[in-house]
Amino acid sequence: MAVRITDMCISCDACLDECPTNSIVNDDDNPTGEDIYYVHPETCSECVGDHDTPACQAACPTDGCIVWDLPYDDDHRSHFEGNSLYKLSADAANSQPHRAEVSMEDRKAGNVESIIE
Ligand code: SF4
Ligand code: SF4
């Protein structure tokens, strides 16, 4: 992944149309079955190549709602597989771009501050 939506989400839908990879779904389409909006890690690009920062976070009115997650790549596959927070599609890509400037400490902590310039 890249980014993750937390239970701070107020279901305002502001992020849905901003995602250049259509990776965000509402609670009805969350593949984990949880009653929360969801970012598909296997398609989220962290907006690399499309925006300077994640467009979802820029559109979100709620502090602490969209936070960093680990890079979606081979080195961190175990974070996403077999984890109830995620349900990868059967044809999931092997990796997605991530922002090297975001520290692993911020990613592991689910921090949001470093998203904001
Ligand atoms: S970081 Fe970008 S690609 Fe990822 S979910 Fe947010 S808007 Fe979509
Ligand atoms: S913009 Fe934020 S609060 Fe609104 S639906 Fe998206 S994640 Fe939830």
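**Figure 1. Fold of the protein chain.** Along the sequence, the protein chain runs β-β-β-α-β-α-α. That gives three helices and four strands. Helices (H or I, at least four residues) and strands (E, at least two) are DSSP runs, numbered from the N terminus. The model is predicted: local features need pLDDT of at least 70, side-chain atom pairs count only at pLDDT 80 or more, and totals for chains, interfaces and linings use all residues. Residues are numbered from 1 along each chain as its sequence is written, while chains are lettered from A and ligands numbered from 1 in the order in which they are written.

**Figure 2. Packing of the protein chain.** Its C-alpha atoms fill a box of roughly 35 × 30 × 25 Å along the principal axes. Of the 117 residues, 31% count as buried (20 or more other C-beta atoms within 10 Å of the residue's own, C-beta atoms being placed from the backbone). Among contacts (C-beta atoms within 7 Å) with a separation of 6 or more, 73% join residues 24 or more positions apart.

Figure 3. The shell holds 16 residues; Cys19, Cys44, Cys47, Pro54 and Cys56 come nearest. A residue is near a molecule if its C-beta atom lies within 6 Å of it. Eleven are nonpolar, three polar and two charged. Ala, Val, Leu, Ile, Met, Phe, Trp, Tyr, Cys and Pro count as nonpolar, Asp, Glu, Lys and Arg as charged, and the others, Gly among them, as polar.

**Figure 4. Surroundings of ligand 2.** Here 14 residues form the shell, with Cys9, Cys12, Ala14, Cys15 and Cys60 the closest. By class, eleven are nonpolar, two polar and one charged.

How values were computed
Buried ≥ 20, exposed ≤ 12 C-beta atoms within 10 Å, placed from the backbone. Contact = placed C-beta atoms within 7 Å.
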